[in-house]
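Thanks for asking me to look at this one with you. Please have the structure open beside my note.

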Amino acid sequence: MTDISSASQPSATSAAGGTPPAAPRRGRVRSQSRWWSAWMFLAPALLLFIYFKFVPMGEGIRMSFQDVSPFLGNSWVGWDNYTTVLTNARFHQAVWNTLVLGAGQSIGAVVIGFILALLLEGPSRTLWFVRTAVFLPVVTASAVVGEIWRIIYFPSPDGFMNKLIGLVGIDPIRYLEDTSVALYAVMTVGIWSSAPYYMVIFLAGLAGVDRSLYEAAAIDGARLRHRIINVTIPALRPAIMIVSILAAVRALRIFTDVWVLTGGGPAGSTQVWMTQIYTQGFERNNLGVASAASILLLIASVLLTVVAVYFTRNKEGA
Amino acid sequence: MESGTETSKHSSKAYKTTAIALGALMSSTFAVQAQDALEVWSRSGPQAAATYEAVFAAFTEKTGIPVEYLTALQFDTQLQARVAARDLPDVLIYDQSSMAAYATSGWIVPIEPETLAGYEEVSDISWDSVKMANGSTYGVPFSQHAQITFVRKDWREKLGFDVPKTHDDLIALATAFATGDPDGNGVDGDTFGMAVPGTTSRGFFAWWMFSYLAQQGASYVEGGDGKYEVTINNPAGVKAVEWLYDAFCKDPNLAQPGAMTNASATPFFAEGQAGIYQTGPYAITSFTDKIGAENLEIILAPAGSAGSTTLTERTSIYFGATSTLPDEQKALAEFLISQEGQTLGMTAPGQPVVRLPVNTNLVAADIYEDPRFITVAKQLEMSELMPSDIDFTAARLEIAETFQTLFSQCNDDIVPQLDRLAGRISEELEAVNALK
């Protein structure tokens, strides 16, 4: 305890000045012990990380170059697994679906999250209640969300959603059945369940926007539209960046929503990268191929993050 | 100095505490291992699990061998984790269709059936089903049945139909269910003809379709003894698939909405939305509870041009390769195929885990005291197994995915799709060296 407090406030000891000659010696002892004490404090977390994250990751990289068969012995196959993934038509379809789903879901969720934040910003008690209600999908388990939406999407004419659209004279839609609609139905669920999360980040950002800017804009005669474009959005730039990165990385890893709603069907129309990995690994028992696909996903996520960070830095610099 | 000894004392005390804690942890781990409990897995819902528990309790009482039982609904995923840890359950009770995949991966070990007590009480056809292409046996038969056809008797009688005997009768009845008002709620067309499990998970759709194809003389592959040729795109195959295509793609659609993505079709029949369902007799208990015995009809499959054949499903017992308890494994298998074990599997509270006994000394209808099982047993005699002496998993997944595509897109693309499917099945068979 004393170590930490004195380390973080080195001036405090000299200011107290109780025993001036002892102070430098004690300071030296502390600085010597500090390098390992820091590691000691980090050790529990580090050990857990190494054991549960880095070792499996290394293992995954090794397996991606092997024909995995724990009981007959793994054999090295070089880049074969990667070739299989990159030449497999199912993975091609999965990449396309992941990109469409990822882009649509990210943009949709960020835009709707932003609109929700604008609508629900404020200290009023009713707003607090509405905000909590809107946030509920985020804290609901995605498996449960999927099951609920399966009921909402029930494809017969007396299904919930079909009844609603029937009120305005639209014919029943087979949301999860129709190969041309299923991906968008999944996307809607994704937007519904993640937009409130981004709303909270935007709300935090909005709280930091200088009120006087709005007042100045209002005096200059700016309309609501102008205020949003010229004041709110520039002020929220850091939040928008964070939210966009989060949304994109999340979209790449999408699994549960798809798995619960459609299992990748019908006819592979909602098959995404992660569901392909699952199918390869656990249904077809091709752990090597599944590992290679996972590593490719890891690389894609890292690249995406690096690119996003690069652009944020540039923007901040400018 | 003093403070130094104080610290070292302190730390040695801490070490001691840690050591004791660690020791306690380790000894408790060893204690579990030292018990020599036989770890047994099955893929069962809560009701069937209750039955298994009763069976194992009787086994433990008889032999003194404790059983640690786990039901894994995500069987394959959970098993993969144990494979990665190279620590498999001692005994696995699972679908016959998985045996070849497990055997070729080295997860389960060969069995010498003749050395098991009660060997001769199990039918030859059952023992044949657990043989691999190379002739060695990797499983012990435990339960068998064929898919049977459930019909809502009250609905059928209300609309004035006879028990369907042919495919034409079946389609006529399903159409009436889909367009009429069999449940008498005053609304036409809010019920569905057939409950169809169109999911591709585990290639389930391929299993369901197998029966309707076989009834018209069509099949995915034909052959035996480890070598098969693809027959799905031959004239009989095309004709049978066209028949099914009409049921899914013509107006009215005879399957329940969402048939191609529902994880399970069972609720649609159990909750009075669909009137016909082809599935295993394991559903009898829950359907009787939900619909009522008087409204539930179990019939032989309506015949197509080639008869009333349906899919045989089998459950077998496998021995995990890492087990250190070979005698106990054997003892459990012997108990499970004995008259006592089989009877318990049918009658213990829960859901029967032995649907029809593999033990030839037992008659299911007598044990269940239920004449409906005469039909179930009769259907078994008119049933066929999908290839189980080779690893057919990948081919099965391809089949399910192709038909899900065909019946959800409904774009009249039958022949080209079947040709493509035939090519893919050939590739998968070639990969496991099983192409004739």
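The points below cover confidence, aromatic pairs and charges over rings.

1. This is a predicted model, in which local features need pLDDT of at least 70, side-chain atom pairs count only at pLDDT 80 or more, and totals for chains, interfaces and linings use all residues. Residues are numbered from 1 along each chain as its sequence is written, chains are lettered from A in the order in which they are written, and side-chain values use heavy atoms, without hydrogens and water.

2. The model has ipTM 0.74 and pTM 0.80.

3. Rings of Phe, Tyr and Trp (its six-membered ring) pair if their centres lie within 6.5 Å; planes under 30 degrees apart count as stacked, over 60 as edge-to-face and the rest as tilted. The count over all chains is 45 aromatic pairs. One of them is stacked, because the centres of B:Phe75 and B:Tyr94 are 4.1 Å apart with planes at 15°.

4. B:Phe150 and B:Phe287 form an edge-to-face pair, because their planes stand at 90° with centres 5.1 Å apart. Both B:Phe150 and B:Phe287 are buried (under 20% relative accessible area; exposed is over 50%, partly exposed in between; 1.4 Å probe, protein chains only).

5. Charges also sit over rings (NZ of Lys or CZ of Arg within 6 Å of the ring centre and within 35 degrees of the ring normal). A:Arg250 lies over A:Tyr197, 5.2 Å from the ring centre, and B:Arg86 has its charged end over A:Phe71, 4.8 Å from the centre.
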